[in-house]
Amino acid sequence: MAGTVKATVILQPPPQVPLTLTHRHPLNLRNVQRRFTKASSISTVNLPKTSFSSFVCSAASGEVLDDQVLTIAPLEVNTIKETCSRWVWRGYNINYLKYEGQNGQKLNPPLLLVHGFGASVAHWRRNIPTLAQTSTVYAIDLLGFGASDKPIGFPYTMETWAQLILDFLEEVVQKPTVLVGNSVGSLACVIAAADAQNSLVEGLVLLNCAGGMNNKAIVDDWRIKLLFPLLWFIDFLLKQKGIASFIFERVRQRESLRNILLSVYGNKDAVDDDLIQIIREPALDEGALDAFVSIVTGPPGPNPVQLMPKIKIPVLILWGDDDPFTPLDGPVGKYFSSLPSKVPNVSLSVLQGVGHCPHDDRPNLVHEKLVPWIATLTSS
């Protein structure tokens, strides 16, 4: 996620989300056959009926697809923990997940999912099973988050995370990959794609992209200008270890986290006890306070407005319109909203009533746009 207080916002989706996909067999979604050997473990909840209505998507051929209702269970958090692996990057342990689903051959490019501030691999638990039907899915805990190392005194920067992503593609994935990021994870993906000297980044998906590692990056928004003295004062306070420790302890309390999450989610049902625990657990690790302070008080990093013109690969932008951190009417939102009319490689979908983390807030809406878009990369 992006921003100062936003530091605590890392979110998780609604309970077991029924997903409706549609397809016809000679199709660029690769004749997706969903098989679930543990179907008895799949459970659902009653969310608004419109959330799961059948959607019609087109492959590169332009075919209209027949409806087929599929209920794909999210990954259990314990399953994610048991399935994750370790990759050593510059002497630090980086936690990641590789997930291939039930299908054998994957004709679509692999995906790398990159979380926002304070989140982790588990942030994507409701997306991974769906996306893994047609792609090999990787998800990574950035240094300082999740189950990855949180080195004390480490100077966190956006550029460091971007380099971590590029090295992960080269050493672990070893194939041209689509980067999918949320918030500051989106910005890290933008930096990585702009710096890529080879073809390892094949596509880019941005979910409510941040303007910087913290809100000090957004200097041309009158709302931030009004708060700027307060932001610098908060930075000063956080650099006092005793004060920082007190603030961080208050922030990571369950009710504080719940209130923050409720403020950034359009779908309030998504803010459940599992989500709060997913966010809170890594915040209890040694080094979590250092990461929090370093990120909130550190340099905001490169501006996406300056980086996007360098990116020529296909880009899909999905933006929740109920986002208090990077609102559509703010400078970052306005910039990304204007891109499709200026460059041919960018597509944009605005998701109504969705907050800062669309893939968690309303995962079915994200899948409706994302799954067919990924298929076009292979067919083009």
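Q: How do strand β3 and strand β4 pair, and over how many bridges?
A: In this predicted model, strand β3 (residues 85–89) and strand β4 (residues 92–99) pair in the antiparallel sense, over five bridges.

Q: And what do β3 and β4 form, with how many residues between them?
A: They form a hairpin with two residues between the strands, and Arg90 in the turn has a positive phi of about 55°.

Q: Which residue in β4 does Arg86 stand opposite?
A: Arg86 stands opposite Asn95 in β4.

Q: Switching topic, where does Lys150 lie, and is Lys150 buried or exposed?
A: Lys150 lies in the loop between β6 (137–140) and α3, and Lys150 counts as buried because its relative accessible area is 9%, which falls under the 20% cut-off.

Q: What else is Lys150 in contact with, leaving aside neighbours within four places in sequence?
A: Besides Asp285, the contacts of Lys150 include Gly144, Phe145, Tyr156, Pro282 and Glu286.

Q: How many residues does the largest nonpolar core have?
A: The largest nonpolar core has 63 residues, and those with the most contacts inside it are Trp161 and Phe336; its largest share, ten residues, comes from helix α3 (residues 158–173).

Q: What does Trp161 touch?
A: Not counting residues up to four places away in sequence, Trp161 touches Leu142, Leu143, Phe145, Tyr156, Ala188, Met213 and Ile295.

Notes
Residues are numbered from 1 along each chain as its sequence is written. This is a predicted model: local features need pLDDT of at least 70, side-chain atom pairs count only at pLDDT 80 or more; totals for chains, interfaces and linings use all residues. Side-chain values use heavy atoms; hydrogens and water are left out. A nonpolar core is a set of buried Ala, Val, Leu, Ile, Met, Phe, Trp, Tyr and Cys residues joined through side-chain atoms within 4.5 Å. Buried means under 20% relative accessible area, exposed over 50%, partly exposed in between (1.4 Å probe, protein chains only). Helices (H or I, at least four residues) and strands (E, at least two) are DSSP runs, numbered from the N terminus. Contact means heavy atoms within 4.5 Å. Two strands pair if DSSP finds at least two bridges between them.
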